[in-house]
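The briefing takes them in turn.

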Amino acid sequence: MRLFLSSYRFGAHQSRLLAMAGEPGRVAVIANACDAWPSAWQSAVTSDLFPLRRLGFQPEVVDLREYVGRTAELERTLARFPMVWVRGGNTFVLRAQFARSGADIVLPRLLAADALVYAGYSAGACVMTPDLHGLESMDDPDEVRTACGIEPRWDGLGLVDRPIVPHLDSPTDPEGLSRKLVRDYTAAGIRHWALTDDHVVVVDGEHPEVLT
């Protein structure tokens, strides 16, 4: 299994992503964490296409809303890509769209077969953890109802064994919400990874490694 889970895009470790992916090729860009923000959706997608292209990738948007109830078709689509890139936004909205499309079934299956690399940042990283409790202090679960028409889910995909707190001490978090969540997890005795925008959690085989 190959996972590249960061706080913000490539972190300080784009060379590691390139090593995991091999020769840069097609990459499926999943931006459904932004589905609650329709006016900003396209600009959010575009902002990720340029850095991927600069690294030599050929990004193509795969919108999970087009695969609701079509899990087998989604699997056929994603199996054609050597890498998926899952951008940040609202973790709860992303989790809901994974469930509606069957991505929460398809991606673990493809990863177990080592058919692709999963690269996700912020929400795209957090959704791979076992449990989303605590992230409501950073992302609004109520956006799920308006964006997806279902209730929020609080389980992640569980492909890593602990929560991820992104954007630690980042300019994107001026209120210090990530630092507060770290304190809450620590006080509750919950093991977690606190990532600055440089840090990346990598799974390249069986065991996770934190790159600082």
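The notes that follow begin with the source of the model and then go through each topic.

This is a predicted model, in which local features need pLDDT of at least 70, side-chain atom pairs count only at pLDDT 80 or more, and totals for chains, interfaces and linings use all residues. Residues are numbered from 1 along each chain as its sequence is written, and side-chain values use heavy atoms, with hydrogens and water left out.

**The largest pocket**
- A pocket is an open set of points on a 1 Å grid over the protein atoms alone, where a 1.4 Å probe fits, with protein on both sides within 12 Å along at least five of seven lines, and its lining residues have an atom within 4 Å of a point.
- The lining of the largest pocket consists of 19 residues, and Gly89, Ser122, Asp139, His167 and Thr172 are those nearest its centre.

**Helix 5**
- Helices (DSSP runs of H or I, at least four residues) and strands (runs of E, at least two) are numbered from the N terminus.
- Asp114, which follows helix 5, has a positive phi, near 55°.

**Ala31**
- Ala31 lies in the loop between strand 2 (26-30) and helix 2 (38-54), and it is buried, with a relative accessible area of 1%.
- Leaving out residues up to four places away in sequence, Ala31 touches Trp41, Val45 and Arg87 (heavy atoms within 4.5 Å).

Key: Buried means under 20% relative accessible area, exposed over 50%, partly exposed in between (1.4 Å probe, protein chains only).
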